[in-house]
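Welcome! Please take a moment to look over the sequence and the 3D view below, and then we can walk through them together.

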Amino acid sequence: MNRKKRIIILGATGSVGTTVLGEIVRFREQFEIVGISCHSNIERAETIIRDFSVRAVTVTDPKISVPKNICGTVFRGTDGLSAMVESLEYDALVVSMAGVDGLRSVLRAIERGKTIILASKEILVIAGEMVMSLAKAKGVAILPLDSEHNAIFQCTRGDNRFIKRLWLTASGGKFWDQDLQTIGRATVAEVLRHPKWSMGKKITVDSSTMANKGLEIIETMHLFDVEPAQIEVAIHPSCTVHSLVEFCDGSFLAQMSPASMKYAARYCLFYPERVDVQEQSLDLFRLDELQFFRPDLEKFPCLKWAMEVASSKQSKRIAYNAANEVAVTLFLEEKITLGAIPEIIWNALSKVEDKNYATVEEILAVDQMARSRAKQLARRFF
Ligand code: MG
């Protein structure tokens, strides 16, 4: 028998991390978890460390006190993430933490030639050129865990030569067929009840403003080396087709499965093989209609601006992502309306000149600046 695949999971206690762990439990004789990270959920981290005999942990929240003997090696803070990724021996790094804190770790792991299983779309949004060119130079596979990109990757299997267009499907969230006023006034409780997917809070809000699809457009452009004009978005409320590839010879390939991250996680964990699960996931005779609708860009300005930002330089992508994150936090704190999120993004974008950056230090500094600027701009909305 082959030896076990050794895995590090950054963001092991979050929603995606939990899904990945669920798949590892199911096939546990084939995997070994050598390291995990969590932000502040130390109880959950302790359970994972015990259940999987994990030898190293990074706790990123400096306010959390970590029990002695929690595990063999303990790293602290965001710097601890890259120290862990640098020092352990493993085959694949799963990046399932929200936000951009995993950027340095991803770069370190690529330099060491490790496979990256990537769920944190923000990392590609702010530093896509850097991550993808380093991966190409080192011959490292970036396996997308985001369901749409995973679907496209399953169709192309890493060969981007014959792509004409990529069709990202979107659930449309809760409000895609409602009027602008209803969307603008939606409460936190309404927004968090997503009709199809069970996900973290931030991404559920992003789904209802379609900023999530906006970020995914930028992610797509980097992952599959296509121009923004080659990317289309189609609202597909039944969430069965997770995206499609239109090839230059007129053929389309689509990937289908139930709306759960576990299929993407399973594909990435076993890539380039496929595991035999001996179960029927979809019943074709009971499927909802496979309908696709063009998104209304006037109703979803976050989507419209993401398309423009995708064709601009890095400074705009950083500003878009930072302003959205700041605005979503304020919405979840019930300080602003859902309708204020696109307005805050628009204000943030209008003040940024087009610029690219060469170093990770610059990117992270610009990201910090964009966040403070967005926080200031947002003040007049509450
Ligand atoms: Mg997605």
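This is a predicted model: local features need pLDDT of at least 70, side-chain atom pairs count only at pLDDT 80 or more; totals for chains, interfaces and linings use all residues.

## A starting point: one pair of residues

## The whole chain

Now for the wider view. How many helices and strands does the protein chain have? Its secondary structure comes to 15 helices and 11 strands. Along the principal axes, the C-alpha trace spans about 55 × 50 × 40 Å. For 382 residues, a compact globule would have a radius of gyration near 21 Å, and the 20 Å of this chain agrees with that.

Buried residues account for 55% of the 382 residues. The accessible surface is about 17300 Å², and carbon and sulfur atoms contribute 49% of it. Contacts also reach across the sequence: among those between residues at least 6 apart, 69% join residues at least 24 apart.

## The sheet of seven strands

There is also an open sheet of 7 strands, with parallel pairing and the order β4-β3-β2-β1-β5-β6-β7. Its edges are β4 (73–76) and β7 (142–144); each has a single partner strand, so one side of each has no neighbour in the sheet. The twist here averages 20° from one strand to the next.

Looking within this sheet, β1 and β2 pair in the parallel sense over 6 bridges, and Leu 10 stands opposite Ser 37 in β2. Of the 8 residues of β2, 7 are buried, so this strand is largely enclosed by the rest of the structure. Another parallel pair is formed by β5 (residues 92–95) and β6 (residues 115–118), with 4 bridges; there, Val 95 has Leu 118 of β6 as its bridge partner. Helix α5 (residues 121–138) packs on the sheet, touching β5, β6 and β7, and its direction makes about 145° with that of β7. Helix α2 (residues 42–52) lies across β2 (31–38) and β3 (56–59), running at about 165° to β2.

## A closer look at Arg 6

Arg 6 sits in strand β1 (residues 5–10). Is Arg 6 buried or partly exposed? Its relative accessible area is 21%, and the cut-off for buried is under 20%, so Arg 6 counts as partly exposed.

Setting aside residues up to four places away in sequence, Arg 6 touches Glu 32, Val 34, Glu 89, Tyr 90, Asp 91 and Ala 92. Its C-alpha atom is 8.9 Å from that of Gln 30, a residue 24 places away along the chain.

## A closer look at Ser 257

Ser 257 lies in the loop between β11 (252–256) and α11 (262–270). Ser 257 is buried, with a relative accessible area of 4%. Its side chain makes a polar contact of 3.4 Å with the side chain of Gln 255. Apart from neighbours within four places in sequence, Ser 257 is in contact with Cys 239, Thr 240, His 242, Tyr 263 and Leu 282.

## Backbone details in the loops

Which two residues are joined by a cis peptide bond? They are Tyr 271 and Pro 272, with omega at about 5°. Pro 272 is in the loop between α11 and α12 (301–310).

The loop between α11 and α12 is also the place of Gln 278. Gln 278 has a phi near 50°, a positive value in a residue other than glycine, and is exposed, with a relative accessible area of 69%. Ser 53, in the loop between α2 and β3, likewise has a positive phi near 50°. With a relative accessibility of 54%, Ser 53 counts as exposed.

How values were computed:
Residues are numbered from 1 along each chain as its sequence is written. Side-chain values use heavy atoms; hydrogens and water are left out. Helices (H or I, at least four residues) and strands (E, at least two) are DSSP runs, numbered from the N terminus. Buried means under 20% relative accessible area, exposed over 50%, partly exposed in between (1.4 Å probe, protein chains only). Contact means heavy atoms within 4.5 Å. Two strands pair if DSSP finds at least two bridges between them. Axes are lines fitted to C-alpha atoms, for helices over the stretch in contact, and angles run from 0 to 180 degrees between N-to-C directions. A polar contact is a pair of N or O atoms within 3.5 Å; within protein, one must be able to donate a hydrogen and the other to accept it, and residues adjacent in sequence count only if both atoms are side-chain atoms. The radius of gyration is taken over C-alpha atoms; the globule rule is 2.2 Å times the number of residues to the power 0.38. Accessible areas come from the Shrake-Rupley method with a 1.4 Å probe; for residues, only the protein chains shown count as cover.
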